[in-house]
Amino acid sequence: MEREKILVIDFGGQYNQLITRRVREKNVYAEVVPYKKALDAIKKEKPIGLIFTGGPNSVYDAKSPDIDPEILDMGLPILGICYGMQLIAKNLGGTVTKSDHREFGKTKTMVDPASKLFDGLDVEQTTWMSHVDYVKELPQGFRTVASTDSCPVAAMENKEKNIYAIQFHGEVNHTEHGHEIIDNFLKKVCHAKGDWNMDDFAIEAKRAIQEKVGDKKVLLALSGGVDSSVCAKLLVDAIGENLSCIFVDHGLMRKNEGDEVEAAFKDTGMHFIRVDAKDRFLKRLEGVTEPEQKRKIIGEEFIRVFEDEGRKIGAVDFLAQGTIYPDVIESGAGDAAVIKSHHNVGGLPSVVDFKDLIEPLRDLFKDEVRKLGEAIGLDPKLVWRQPFPGPGLAIRVMGEITEEKLDILREADYIFRDEIAKAGMDRDINQYFAVLTNNRSVGVMGDFRTYDYTLALRAVTTSDFMTADWARIPYEVLDKVSVRVVNEVEHINRIVYDITSKPPATIEWE
């Protein structure tokens, strides 16, 4: 798809995806490129501008990431951030040195509003610093456009070369006018029109799918999650009955979710196949208590079910996947280790014969996938479905999994989610769910002694799911949940709220 594009050149910074998101929020398409592949990518992609990310290294370390000098002479607008700024200074003849005063966190910064970067912004503002090295001497042709008490060159520019740089992190929310600084770079330096939006993306994506598929057949493994559901809706809108979706209901979904997925897709023109596989999954999970073993069993059994259904369909031309952009990044970029391989082809059964892949969401972040879902008219219940692990409730039931435990958890979890929605917090909390612990405790109901399960509630706020903070749910809401659960759900007599952040905990309990 032809569109104006910013390339975010990655030097190992922890905020590379966040920078990309910030650019896209301004309706300008951006993608991350490892520094070693930057020159080739620039020549191929023809971006309207570049952003150099931060990084943990010192520019004078022998093994530190560097940039091809040719890039700095191409005339492209460049914004360097933190390490990116120091790299520009070093390569163009400036001096970078270690500071006697480290700067970490919120810092009072004085800026020059005559610079395009700071046009229309306050002279004094708070920025987020995280550095030891700093630019001591400017390269020729540059001027200082921001400073702090400890950092005389907190930003610099060379208007003739179209190169701008900031020592602080404008992409994080802690920088007071960070969003405006990035917007100024995009609109006033790169002259971006802002042609990146989900309505146009949907039109272009459907057209591309139609051109690639023609009258051939496509198979999609539909989990009912946000990514695969949006992918399914996009595909069925584009190719209709040429799409087949296999929805494996493993009996480990939340209350009503299997029916909601089926209702959303069964009358859309696609060949929708819902496989009731509850009994075979629960049989394989009998007596299993170890979390990792649960995951492996469920993953393997899913493949076996998919194999069985794939044999019935026969050969297909294309396999569709709901791969999204963070999956692509995590599968390995630059010098980074592969965090996890999201290219699911290797895990899918060989009996499903396909010639090529279709991954229409691979350019999108999760929030953009949701926007796309809204743009193409997907049921809001699926668009705003809470993130749900592949193993489902199996890893939210502690200890051995039984049908009785699953039923108890479904009802309790439904009440929790219902009260969060009634309180208007369902869009503010990024993930919330209930966990049926394996702990039992003594209680009293109607003057009778009980000995029943403890239910744990978990709710977190996060921007990337790599770190998360526990959500501050009002006591009144928690009280309603507690009262409803003990009155409406049998075999629960105690409810606790998890107030642990990630790290040290993970979001899920298993």
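**Aromatic pairs and parallel strands**

F272 has a relative accessible area of 15%, under the 20% limit, and is therefore buried. Please bear in mind that this is a predicted model.

The structure contains eight aromatic pairs. In one of them, F247 and F272 form a tilted pair, with 6.2 Å from centre to centre and 35 degrees between the planes. F247 belongs to strand β11 and F272 to strand β12, and the two residues are 25 residues apart. F247 is likewise buried, because its relative accessibility is 0%.

How are these two strands joined? Strands β11, residues 243-249, and β12, residues 271-276, run parallel and are connected by six bridges. Within β12, R274 is the bridge partner of F247. Together with helix α7, residues 257-265, the two strands form a right-handed β-α-β unit.

On strand β10, residues 218-221, four bridges give a parallel pairing with β11. Helix α6, residues 226-239, carries the chain from β10 to β11 in a right-handed crossover. Strand β10 is also joined to β13, residues 318-320, by three bridges in the parallel sense, and V218 has F318 as its bridge partner there.

Let me close with ring contacts of another kind. The charged end of K255 sits over the ring of Y414, at 4.6 Å from its centre. For R472, the charged end sits over the ring of W470, 3.7 Å from the ring centre. Finally, ring pairs connect F11, Y35, F52 and Y83 into a cluster.

Methods:
Residues are numbered from 1 along each chain as its sequence is written. This is a predicted model: local features need pLDDT of at least 70, side-chain atom pairs count only at pLDDT 80 or more; totals for chains, interfaces and linings use all residues. Side-chain values use heavy atoms; hydrogens and water are left out. Two strands pair if DSSP finds at least two bridges between them. A crossover is right-handed if, with the strands pointing away from the viewer, the path from the first strand over the helix to the second runs clockwise. Rings of Phe, Tyr and Trp (its six-membered ring) pair if their centres lie within 6.5 Å; planes under 30 degrees apart count as stacked, over 60 as edge-to-face and the rest as tilted. Buried means under 20% relative accessible area, exposed over 50%, partly exposed in between (1.4 Å probe, protein chains only). A charge sits over a ring if NZ of Lys or CZ of Arg is within 6 Å of the ring centre and within 35 degrees of the ring normal.
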